[in-house]
Amino acid sequence: MTSTCTTRRRALPARVLLAVYLIALAWIVFMPARTAGRVIGLVDIVAGWAGAFGVPFDVAYPVLEFSANIALFVPFGILVALSIPRSRRRFGMTAALAFLSSCAIELIQLSIPTRVSTVSDVVANTLGGIIGALIIRVLTRRGAPTTVNPA
């Protein structure tokens, strides 16, 4: 019983941060495109700067947007993985939740006239969630004691 209480206590801060993150994520992904462009116009700016290095805007923008979607979901993967009690299913559950959440976002964006829904966003968001979960997997394995099985 004590280990269950300890596990819940450790997951609580991650769950609180996850709730805050999800509110911020909803604000970002569901605002009208015009507002989003003013608030989150960094991709446009950096894609414009890429021209100084000979990279055309039409090439830089999709790569940077895809990368931004990955970065947007890395915290999702980290916080979900930390919110789920340790088990072998943590990674798979986090990946599945990243995929399902991204699909839900894209489906809802279909009903927002100024937003564009794409499969590449689902792929990038899911990849970001997986990267976040992998970060937690690596960090928790490093901290875990290792045992050697005698042969």
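Helices (H or I, at least four residues) and strands (E, at least two) are DSSP runs, numbered from the N terminus. With that in hand, the chain has six helices and zero strands, and from the N terminus on its elements run α-α-α-α-α-α.

This is a predicted model, in which local features need pLDDT of at least 70, side-chain atom pairs count only at pLDDT 80 or more, and totals for chains, interfaces and linings use all residues. Residues are numbered from 1 along each chain as its sequence is written, and side-chain values use heavy atoms, with hydrogens and water left out.

Let us turn to burial. Buried means under 20% relative accessible area, exposed over 50%, and partly exposed in between (1.4 Å probe, protein chains only). Buried residues make up 29% of the 151 residues in the chain.

Here are two residues to look up:

| Residue | Relative accessible area | Class |
|---|---|---|
| S83 | 8% | buried |
| I135 | 34% | partly exposed |

S83 sits in helix α4, whereas I135 belongs to helix α6 (residues 119-143). The side chain of S83 reaches the backbone oxygen of L79 at 2.7 Å, a polar contact being a pair of N or O atoms within 3.5 Å; within protein, one must be able to donate a hydrogen and the other to accept it, and residues adjacent in sequence count only if both atoms are side-chain atoms. Buried residues of α4 include F73, L79 and S83.
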